[in-house]
Structure formats: structure tokens, C-alpha cells
Amino acid sequence: MILFENVFKKFPLGNTALQDISFEIQDNEFVFLVGSSGAGKTSILKLILRDMVPTSGMVAVNEFDLSSINFRQLEKLRRSIGFVFQDFKILDEKNVFENIAIGLQITGLSTKEIKRKVTEVLELVGLENKDKVFPIQLSAGELQRVSIARAVCGDRKIILADEPTGNLDPKTTWDIMKIFKKLEGKKTIIIATHNTDIVNSLKKRVFLLKEGRMVKDMRKGGYEL
Amino acid sequence: MRDVLTAIKRTPYQSFATFFTLFLTLFLSLAVFFILTFLYGILGYVESRPQVTVYFQTQTSESDIQKIKDDLLTSGKVVSAKYVSKNEAFTIYQKMNKDNPLLLEMVSPDILPPSLEIFAKKPTFLPEIAEFLKKQPGIDEVNFQKNIIDKLLSLTSIVRRASMIFFGYFIVTTVIILISITHFKIALKKDEIELMRLLGASKFYIKKPFLKEAVFFGLISSVIVFSIFMGVFYLSRYYLQAYLSGVANLSIDLGFYTLSVWPVTLEFAGLAFVFTAFFGIAISTASTLLATQKYIK
């Protein structure tokens, strides 16, 4: 479960990213964060990942209150979260297998177990035969699949995606969304997006953000601005 | 091991810079280690020789010499005094010149002087003992090695101090260079480190590859330095043998153990390798640890 209670986030230079945000997301829910640029979508994702701390208010993820979390707990929290970035964050000098395995290696799994899990997840994202391929040989859509594979791999319970289809053409966008659909009900998925078509057609829970405020929380919403 | 080799392959210039820096430092350190141990060995050797040798005129009787010996032993300034008769002197002479029949033919026990080999309790007693002996009848020559010991002590002390300064300078320089190289490596892996951090890697997990590389470089540099140094040492053995001719062996008394320095024994070579490897790994790991502490927050 993810819980935000009266969360404010102000940056040192004075601009406000979030104002009085409160919500609760149950396990295995599928949520879209929508809103124009600067609305606070990325800030919410970063607060969940504890890559950022709130100025005031409470953020809790699973059993952790993020305001009083220690280093060990933070490692544990982050090992339960997969993050999909708009710019993929794929390491050029590592091949597809190594890029995905990096998330598993840190948990201390055996090589055999890592190989099994990576093979499984490569199948899920449709990159079965590309494990030895280096990023430079992949298309943008394939890079995003690798990024999703890395986020999903290792039984991560929460998947955060920040504009995962922002750099992709419409067909590839739908292919990527199909992967997220496959994960629906198995993991908590939070996707920050501008893509009207996706939000409108999938009819999932939607948080509408405007200038750092939560304007609407729609159970089966569409894209409204 | 595969990770380390991959990392070296991906940052070849930084890896070479690390290796050459460690190589130079370790090579010079090993050279200083050998010079110091040899100097201490020579010092020990000279100290173990008779500190005062008094040669008597050939006609001096054994009873007169024995009386002088007794006077010395009762003076409280002498540890021991060994009488070397004409015949014993001749035997020593024969041994020393066994390959030169001409010299052996020319000498008989009668022309060799009897002598006393004296060990003083303290080096400061040496001049007094020498003065006492010079006043005795039947004395031909008094040799004492205070000057040699003093000069060796002073040389050893200078080399030791110079080594300290040298070590200090090289440790600081090496640490600074290795920190800079590691900083550069960390900067090159910034994205990977950031990603690992977000995926929940512990600080130690992020630092581990850098530390593994450091241990690897420390060890590899030590092995290569040691092999090259021992190779050079082996090639120069004839020169050393000629230089140390007459010196059967050099050793250092460590109190609890006597370490044989020359001829080079397996245990001395082992100790030199352990010293090099320990120093190499320690300096490389410590520098990397400092760099990762500072630059991986």
C-alpha cells in the first residue's frame, strides 16, 4: 500500500512541486498520473522511491514510513520498487542480459537463479533472443522493454513508470502498454503520462494533477485537463 | 574475477595509470627494503667481528699474552678475548690462500704474529681498551673497528631516515594519484551507480567493484614487481658475490629470530614478497576506500 497524507514539497529556491497531496493506493492497483508538465507527477514518483523527501506531510510505502526510514530499510524499500524511465537509463557498456541482471545481482541471488529470472522476464517483454545484444543495436521501443524488464525483474511489487512511452511511436507505445497490462493485478503500477489515448482507453484509476495539487481522483477515469 | 577483467577492459587508460603508479612505488619500495636489510645485515656482520684485534711481536711469549688477556677480562670492559696462536694464525692463513701455493710456500708459522681478538661490552670502551693495549710490552699493532661501526651506524641511520621520507612522499603521491584515478572511474560509472542506488543497492555493494579492482591491482603489481626485481637481483648475483667476497653470510638479529639476508634464502625472498604484496594491496585499497568514501555518497 502507498499512502500520502497532506504532502507538500517545496524546492530550496522556493518553487512548489506538490501542495497538500493525499491519496491511498492499494496493492496491485493500476494508476495513471496525468497533468501538464510541472504538475508534480515525477515528484510523486520520486517521493515513493524516496529519491526525494517531502517538505511536510507523510509518505508511507508498504510497512515503511519514509520520513523515519534508515539505510537498510531504504535498500529494502527500493528493492521492492521497479522504476521505468522516459530516457530508459540503459547502460551502454552492458548487454541486455547484464542490464536486466543488475537489479537482481544487488539482492545477492545466485548466477543460476539470475539467469532463470532474466530469461523469464525477457519472454514477458518479447526480447527472448536479444539477451547478448548491446543497447546501441536496439530500437527505442526495445530499449524501453529492457527498462521495463529490469523494473519488473526480481519480484518487485511496485512499478513506477515516468513517461514510459514519451519517446515512442504509437505502435510501440501500445506494445509497451500491453506489457504493463500483462502485469495488471500482479503488481502495483503507477504510470505518469501525457498520452491521452492510453489513459482514455484503459479506463484505470487516474490522478489528475494541476500545479502541484490533486484536482481529481477518478476510479475509472479518462484524460481531463 | 571476470567483473574485474571486464572493468579493466572498459577503462584501459585508468587501469594502466593505476598499474604503472603502483609498479613504480612498489619497485622503489622493494629496492629500499633490500638496501636497508643488507645494510642492517652488514652492520650485524661487522659487529660480530672482533672489535679489537691486537697483534703481538713474534717473539712475545704466550704467558705474557695470557697475562694481558687476564688483565683485560678482569677490567670489566671486555666480554671475551680469544687468543690466536701462531699455529692457529697459520691455519687461518692456509685456508684463506688455499688456491695460491706460492703464497703458502712463502709463509711459515714462525713469521705470523700471535693475536688477541677482543669483544668490548660497549663500543665506548673500545678507545680505552686500545689505549691500554698500546701501553703493554710486546705489542706490534692494535686494530679496532669503532670507526667502521660508527660509520655504518650513521649510514644505516641516514638510509633509514631517507627511506622514511621517501616512503612518506611516495605513499602520499601514490594515494593522491590513485584517488584521482578512482574518482575518474566513479565519474565514468555515474549512471550505473545512480541506477544501482535507485534499485536498492547498498553502499558497500556499489563500492565493491572498485575495491575488488584495487586488491587485484595491488596484488598483480606486487607479483610483477617482485618477479622483475628478483630477476634483476639474480642477474647481478656475480657482482654482489664479488662485492661481498669473504662474507659468508649476512643476517639480521630480530631478537626472537635471526633472518638470513645473504645469500638470499627462500624465507627472505618470501618475506620480501609478503612485504611488497601487503604494501601494494594496502596502499591501493586504502586509496580506493578514501575515494569511494568521498565520491560515493
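Student: In this predicted model, how far apart do the C-alpha centres of domain 1 and domain 2 of chain B lie?

Tutor: The domain assignment of chain B places residues 2-47 and 161-295 in domain 1, while domain 2 covers 50-144. Between the C-alpha centres of these two domains of chain B, the distance is 49 Å.

Student: Which strands of chain A stand at the edges of the open sheet, and why is one side of each left without a neighbour?

Tutor: The open sheet in chain A has 4 strands, paired antiparallel in the order S2-S1-S4-S5. Each edge strand has a single partner strand, so one of its sides has no neighbour in the sheet; these edge strands of chain A are S2 (16-25) and S5 (64-65).

Student: Within strand S4 of chain A, which residue is the bridge partner of Phe8(A)?

Tutor: Strands of a sheet pair through backbone hydrogen bonds, in either a parallel or an antiparallel manner. In chain A, strand S1 (residues 2-10) and strand S4 (residues 56-61) run antiparallel and are joined by 5 bridges. The partner of Phe8(A) in S4(A) is Ser56(A).

Methods
Residues are numbered from 1 along each chain as its sequence is written. Chains are lettered from A and ligands numbered from 1 in the order in which they are written. This is a predicted model: local features need pLDDT of at least 70, side-chain atom pairs count only at pLDDT 80 or more; totals for chains, interfaces and linings use all residues. Two strands pair if DSSP finds at least two bridges between them. Helices (H or I, at least four residues) and strands (E, at least two) are DSSP runs, numbered from the N terminus. Domain bounds come from an automatic or database domain assignment.
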